[in-house]
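Have a look at the sequence and the fold, and then we'll go through it piece by piece.

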Amino acid sequence: MSGITVSVFIPAPPEAVWADLSRLESHTEWMADAEGIEFLGETRTGVGTRIAVATRVGPFRTNDVMEFTAWDPPKTMGVHHQGLFTGSGRFTLAAEAGGTRFTWSEQIRFPWFLGGPVGAWAARPILGAIWRRNLRRLAARFKP
């Protein structure tokens, strides 16, 4: 399993960031690697919500199935990845002077045919760069 953590300062209070973040269908607007989101059931928010995210990284495409395991407004949102890639992820929002520190942490397992732990380790810089860019896109949604 490989761990990746990225963060960004967002010039808005945690409650405003959470209001945007909790609209899961809007994640494709700021996540460049997420091409589409499909809800797997009637639940749209909170623990137990399941989604399938059509994801593309370069030539690689997958359907990332996630179940939300934490939902603590306006502080924490956590998921368990259940698709081709497994593991867990967490968005954490912390108040800072003038806004919010948004932190994205992932622990991801790659399947054996994509190199398993070695593939996950090798992908860390690429995924980290993609997620940092995503967070910059999210922060830009709150600029005056």
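Let's begin with leucine 40, which counts as partly exposed because its relative accessibility is 31%; buried means under 20% relative accessible area, exposed over 50%, and partly exposed in between (1.4 Å probe, protein chains only). A word on what you're looking at: this is a predicted model, where local features need pLDDT of at least 70 and side-chain atom pairs count only at pLDDT 80 or more, while totals for chains, interfaces and linings use all residues. Residues are numbered from 1 along each chain as its sequence is written, and side-chain values use heavy atoms, with hydrogens and water left out.

Back to leucine 40, found in the loop between β2 (34–39) and β3 (50–57). Helices (H or I, at least four residues) and strands (E, at least two) are DSSP runs, numbered from the N terminus. Setting aside residues up to four places away in sequence, leucine 40 touches Arg50, Ile51, Ala52 and Val65, where contact means heavy atoms within 4.5 Å. With alanine 52, 12 residues apart along the chain, the C-alpha separation is 6.9 Å.

Threonine 76 sits in strand β5 (residues 76–82), and at 14% relative accessibility threonine 76 counts as buried. Leaving aside neighbours within four places in sequence, its contacts are Trp18, Ala70, Trp71, Arg90 and Phe91.

Now for charges. Side chains of opposite charge can pair when their charged atoms come close. The whole structure has seven salt bridges, each being a side-chain nitrogen of Lys or Arg within 4 Å of a carboxyl oxygen of Asp or Glu. One of them joins aspartate 20 and arginine 141 (2.9 Å, N to O). Aspartate 20 lies in helix α1 (residues 14–21) and arginine 141 in the segment after α2, so this pair ties together parts 121 residues apart in sequence. Buried or partly exposed? Aspartate 20 is buried, at 11% relative accessible area, while arginine 141 is partly exposed at 30%. Arginine 141 also forms a salt bridge with glutamate 29, the closest N and O atoms being 2.9 Å apart. That pair links distant parts of the chain, 112 residues apart, with glutamate 29 in the loop between α1 and β2. Together, Asp20, Arg23, Glu29 and Arg141 are linked in a network of salt bridges.

Another salt bridge pairs glutamate 35 with arginine 56, with the closest N and O atoms 3.8 Å apart. Glutamate 35 is in strand β2 and arginine 56 in strand β3, so the pair ties together parts 21 residues apart in sequence.
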